[in-house]
Amino acid sequence: MAQKTIKWLGHAGFQITSEKGKIVVIDPWLTDNPLASCTAEDITKADFVLVTHDHFDHVADAARIVKATGATLVGMPETVGRLKDEEGVSDSQIVFGTGMNIGGTASSYGIEITMTQAFHSSQTGSPAGYIVKLEDGSTIYHAGDTGIFSSMKLLGDLFTIDLALLPIGGVFTMDPAQASVAAKLLGAEAVIPMHFKTFPILEQDASSFAGIIRKEAPEIEVVTLDPGQEHVVRG
Ligand SMILES: [Zn+2]
């Protein structure tokens with residue numbers, strides 16, 4: 001078995017590779033992303049493409065990657081509907097043929113993807129997050145763009161979260177102080193901070209987040225990646 005890995009594509013974009021080599025891409029925005037580690041054309045293999053909400057910095061390259069790789073697109077019915085109408089994603093590549101909504105779970109290849117709530121805005125549908133449970137049970141939570149909410153505690157009760165991907169940039173999402181409380185509510189083993197630095201108005205690095213966690217929740221591991229950098233997932 002190969003190692004499970006997660007690569008930060010920059011901003012809220014990640015590429016997870018499971019032990020069996022299945023690839024889950026989340027929120028690919030690579031074209032015109034000043035911090036992107038690669039281009040959309042560089043992603044030649046994917047089994048799932050997940051979009052958390054319909055803002056350009058999350059969805060911009062989703063349709064292109066889905067069409068190029070044959071991956072299944074996972075998202076809100078209204079959002080995947082727009083990508084079908086405007087960017088030509090076929091029904092056969094849309095999860096359940098129609099998209100899914102908060103609370104829904106899609107399962108393929110032994111991987112389970114559950115859509116969770118998020119508090120933000122979206123051009124179509126509602127914003128969301130995802131819990132991705134790999135074939136071996138290891139579980140990764142991508143919060144999407146969101147403010148903090150107390151039912152993160154419920155997600156931690158329902159799932160054993162090995163790794164949480166949390167926005168820390170402020171302005172549009174949680175800031176470092178809020179994200180550190182979120183990590184505790186989730187009971188996450190480890191956290192990768194995201195959605196910072198890309199724009200001048202956002203938090204510019206993860207040092208303040210890492211400092212708060214070190215002081216207030218030293219049991220949680222903070223993994224700070226550079227765009228393009230890969231981390232081996234434990235759990
Ligand atoms: Zn965003």
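In which loop is Val-171 found? Val-171 is located in the loop between E10 and H5, where helices (H or I, at least four residues) and strands (E, at least two) are DSSP runs numbered from the N terminus. The structure is a predicted model, in which local features need pLDDT of at least 70 and side-chain atom pairs count only at pLDDT 80 or more, while totals for chains, interfaces and linings use all residues. Residues are numbered from 1 along each chain as its sequence is written, and side-chain values use heavy atoms, with hydrogens and water left out.

Val-171 has a positive phi of about 65° although it is not a glycine. Most residues other than glycine have a negative phi. With a relative accessible area of 59%, Val-171 is exposed; the classes are buried under 20%, exposed over 50% and partly exposed in between, with a 1.4 Å probe and protein chains only. Phe-172 lies in the loop between strand E10 (163-167) and helix H5 (176-186) and is partly exposed at 41% relative accessibility. Val-171, Phe-172 and Ile-201 form a nonpolar surface patch with about 310 Å² of accessible area together. Patches consist of residues with over 30% relative accessible area and no salt bridge, like charges being joined within 9 Å and nonpolar side chains (Val, Leu, Ile, Met, Phe, Trp, Tyr) within 5 Å. Accessible areas come from the Shrake-Rupley method with a 1.4 Å probe, and for residues only the protein chains shown count as cover.

A positive phi, of about 75°, is also found at Lys-197, which is not a glycine. Lys-197 is placed in the loop between E11 and H6 and is partly exposed, with a relative accessible area of 42%.

The zinc ion has as protein donors Asp-57 (OD), His-58 (NE2), Asp-145 (OD) and His-195 (NE2), at 2.1 to 2.2 Å. Donors are N, O and S atoms within 2.8 Å of the metal (3.2 Å for Na, K and Ca); water is not among the atoms, so sites may look incomplete. Along the chain, the donors of the zinc ion follow the spacing D-H-x86-D-x49-H. The angles among the four donor atoms run from 89 to 171°, and the site is irregular. Four donors count as tetrahedral if all angles lie between 85 and 135 degrees; four count as square planar and six as octahedral if opposite donors are over 155 degrees apart and all others between 65 and 115, and anything else is irregular. Asp-145 is buried, with a relative accessible area of 2%, and His-195 is buried at 1%.

Six aromatic pairs are counted, by the rule that rings of Phe, Tyr and Trp (its six-membered ring) pair if their centres lie within 6.5 Å, with planes under 30 degrees apart stacked, over 60 edge-to-face and the rest tilted. The rings of Trp-29 and Phe-56 have centres 5.3 Å apart and planes at 85°, so this pair is edge-to-face. Trp-29 lies in the loop between strand E3 (23-26) and strand E4 (48-50) and Phe-56 in helix H1 (residues 56-59), so the pair ties together parts 27 residues apart in sequence. Trp-29 is buried, with a relative accessible area of 5%, whereas Phe-56 is exposed at 52%. Phe-119 and Phe-149 form a tilted pair, 5.3 Å centre to centre with 55° between the planes. Phe-119 is in the loop between strand E7 (111-117) and strand E8 (128-133), and Phe-149 is in the loop between E9 and H4, 30 residues apart. Phe-119 is partly exposed at 48% relative accessibility, and Phe-149 is buried at 7%. Trp-8, Phe-14 and Phe-196 form one aromatic cluster.

Eleven salt bridges are counted, each being a side-chain nitrogen of Lys or Arg within 4 Å of a carboxyl oxygen of Asp or Glu. Arg-64 and Asp-61 meet at 3.3 Å, N to O; Arg-64 is partly exposed at 38% relative accessibility, whereas Asp-61 is buried at 0%. Lys-84 and Asp-91 form a salt bridge at 2.9 Å, N to O. In the salt bridge of Glu-216 with Lys-184, the closest N and O atoms are 3.7 Å apart. This pair links distant parts of the chain, with Glu-216 in helix H6 and Lys-184 in helix H5, 32 residues apart. Salt bridges that share partners join Lys-22, Lys-45 and Asp-47 into one network.
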